[in-house]
Amino acid sequence: MGPTSTPSPSTSTPSFEELVADAEAAPTEGWDFSWFEGRATEERPSWGYARAMGERLAVAEAALDVQTGGGEVLASARVLPRLTVATEGWPPNVVKATALLHPRGAVVVASPEDAPLPFGDAAFDLVVSRHPVTAHWTEIARVLAPSGTYFAQHVGPSSAYELVEYFLGPQPEAKRNARHPDRERAGAEAAGLEIVDLRAERLRMEFHDIGAVVHFLRKVVWMVPGFTVEQYRTRLLDLHERIVAEGPFVAHSSRHLIEARRP
C-alpha cells in the first residue's frame, strides 16, 4: 500500500456505492498493491526484505521462490541465478508470473500450495518466499542442498485482526496465534533446519475509504473467507460511515523475517 494523498477541497466525496463498485471492478491477481495508492497505507518492516532477498539471489546458483504470487517480488531482484524457478498455485497468478518472469529466464511451475514441491532432493541452494500461505518445512528442507538457505518474510500472528474481527467477531486464541514465530521456529527445527535469524514486527495499517477495505478483502482472501460485498453489506456500510465521521480505520499487520539453514 502506498502513501496517502489528500483530495483537493473541490473534490466531491464518493458515495458508499461508488467506492464499493470501484473496488469490485479492480483486478485482484498478483501482489501489485498500487491500486491502494492514496486509499490505504501500511508500514514496511525495518529489514527491507526485497533488497535483502536480492542480495542473496545475486550470489546463489539455483534458487526457488515458493508461492510467488504474480512474481512481482522475485522480479524486483536485479540479478537472478542461472537456475531460477518459482511455484504458484492460483491460475491467474501463474499467468501473470509467467509473463513477468519468463523474460528474466525464470521458470514458473503451477503447483498447489498444499502439494509436495515438484522438485528433487537438494535441488536448490536458496529458497525464498514472501508471505507464503503455509511454510511446508519438511518440503523446504528436502529441496535445500546441504548448507542451503531458506530466506523469507512471513505473515505473523493476528495480522490485521482488527479488520478480521470487525467482520467475523472474536477469534479463538489458537487461530490468532497460528502463525506465531515461535511455532515457525519449532517447525523449521523439527524439519532439521537451523535458525540463523528470526525477527518480528507489528506495523500500522490505515484504510482511508471503504473501497480500500473491500479490495483488500477480495485480494487477501484468507482474511475473511468467502467474503462478498452482499454478505457483509450492513457491516461495510457501518464501517463506511465510521470512516467518514472519524477518519481512517486502523489495523496492525504482523510480519517476521526468518532465515534458516540446512546443515
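This is a predicted model: local features need pLDDT of at least 70, side-chain atom pairs count only at pLDDT 80 or more; totals for chains, interfaces and linings use all residues.
Residues are numbered from 1 along each chain as its sequence is written, and side-chain values use heavy atoms, with hydrogens and water left out.

**The whole protein**

Begin with everything selected and coloured by secondary structure. The protein has ten helices and eight strands; both are DSSP runs numbered from the N terminus, helices being H or I of at least four residues and strands E of at least two. The radius of gyration is 19 Å, close to the 18 Å that the globule rule gives for 263 residues, so the protein is as compact as a globular protein of that length. This radius is taken over C-alpha atoms, and the rule is 2.2 Å times the number of residues to the power 0.38. Along the principal axes, the C-alpha atoms fill a box of roughly 60 × 40 × 30 Å.

Next, colour by accessibility. Buried residues (under 20% relative accessible area, 1.4 Å probe, protein chains only) make up 48% of the 263 residues.

**The sheet**

Select the strands. They form an open sheet of eight in the order β1-β7-β8-β6-β5-β2-β3-β4, with mixed pairing; two strands pair if DSSP finds at least two bridges between them. β1 (40-42) and β4 (107-110) stand at the edges with a single partner strand each, so one side of each lacks a neighbour in the sheet. On average, neighbouring strands are turned by 15 degrees against each other, direction ignored; the axes are lines fitted to C-alpha atoms.

Now select residues 194-207 and 249-261, which are β7 and β8: they run antiparallel and are joined by 13 bridges. Within this pair, Ala200 stands opposite His256, and the bridge partner of Arg199 is Leu257.

**Helices α1 and α10**

Finally, select residues 16-25 (α1) and 233-246 (α10). These helices pack at an angle of about 115 degrees, with their axes 11 Å apart; helix axes are fitted over the stretch in contact, and angles run from 0 to 180 degrees between N-to-C directions. Show the side chains at the crossing: Phe16, Glu17 and Leu19 in α1 meet Arg233, Leu236, Leu237 and His240 in α10, where contact means heavy atoms within 4.5 Å.

Conventions
Buried means under 20% relative accessible area, exposed over 50%, partly exposed in between (1.4 Å probe, protein chains only).
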